[in-house]
Amino acid sequence: MFTFETVDQKEVRRFRIAQFNGRIATVKSSGSMVTGHVRSIVENKSSVPPAWIITIILSEPKTSTASPRPAPRIRAFAEDFY
């Protein structure tokens, strides 16, 4: 589990959308990328400017495997005449 604090409202909005949709979110922290599901977003009301504490459950980043596209199932029109 990874917890951090931010004052950036755009970043908080992005994490709230990721939490609502069940998507994985990525944040850069101390030069390394942290990826996972957003568990909670809590406003720290005692700070000025407003700050939010975000908790992320770590997960492995998805590696996209490029699979070749399958060949089309239909024949070309010209092949019908040969």
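In what order do the four strands of the open sheet lie?

**View 1. The four-stranded sheet of a predicted model.** The order is S1-S4-S3-S2, with antiparallel pairing; two strands count as paired if DSSP finds at least two bridges between them. S1 and S2 each have a single partner strand and stand at the edges, so one side of each lacks a neighbour in the sheet. On average, neighbouring strands are turned by 50° against each other, direction ignored. Strands (E, at least two residues) and helices (H or I, at least four) are DSSP runs numbered from the N terminus.

**View 2. The hairpin of S2 and S3.** Six bridges join S2 and S3 in the antiparallel sense. Thr26 stands opposite Thr35 in S3, and Lys28 has Met33 of S3 as its bridge partner. Two residues lie between the strands, and Ser30 in the turn has a positive phi of about 55°.

**View 3. Helix H1 on the sheet.** H1 lies across S1, S2, S3 and S4 and runs at about 100° to S3. Axes are lines fitted to C-alpha atoms, for helices over the stretch in contact (heavy atoms within 4.5 Å); angles run from 0 to 180 degrees between N-to-C directions.

**View 4. The largest nonpolar core.** This core (buried Ala, Val, Leu, Ile, Met, Phe, Trp, Tyr and Cys residues joined through side-chain atoms within 4.5 Å; buried means under 20% relative accessible area, 1.4 Å probe, protein chains only) has 13 residues. Those with the most contacts inside it are Phe4, Phe15, Val27, Val38, Ile41, Ile54 and Ile56. S1 (2-6), H1 (9-21), S2 (24-29), S3 (32-44) and S4 (51-58) each supply at least two core residues.

Residues are numbered from 1 along each chain as its sequence is written, and side-chain values use heavy atoms, without hydrogens and water. In this predicted model, local features need pLDDT of at least 70 and side-chain atom pairs count only at pLDDT 80 or more, while totals for chains, interfaces and linings use all residues.

Key:
Buried means under 20% relative accessible area, exposed over 50%, partly exposed in between (1.4 Å probe, protein chains only).
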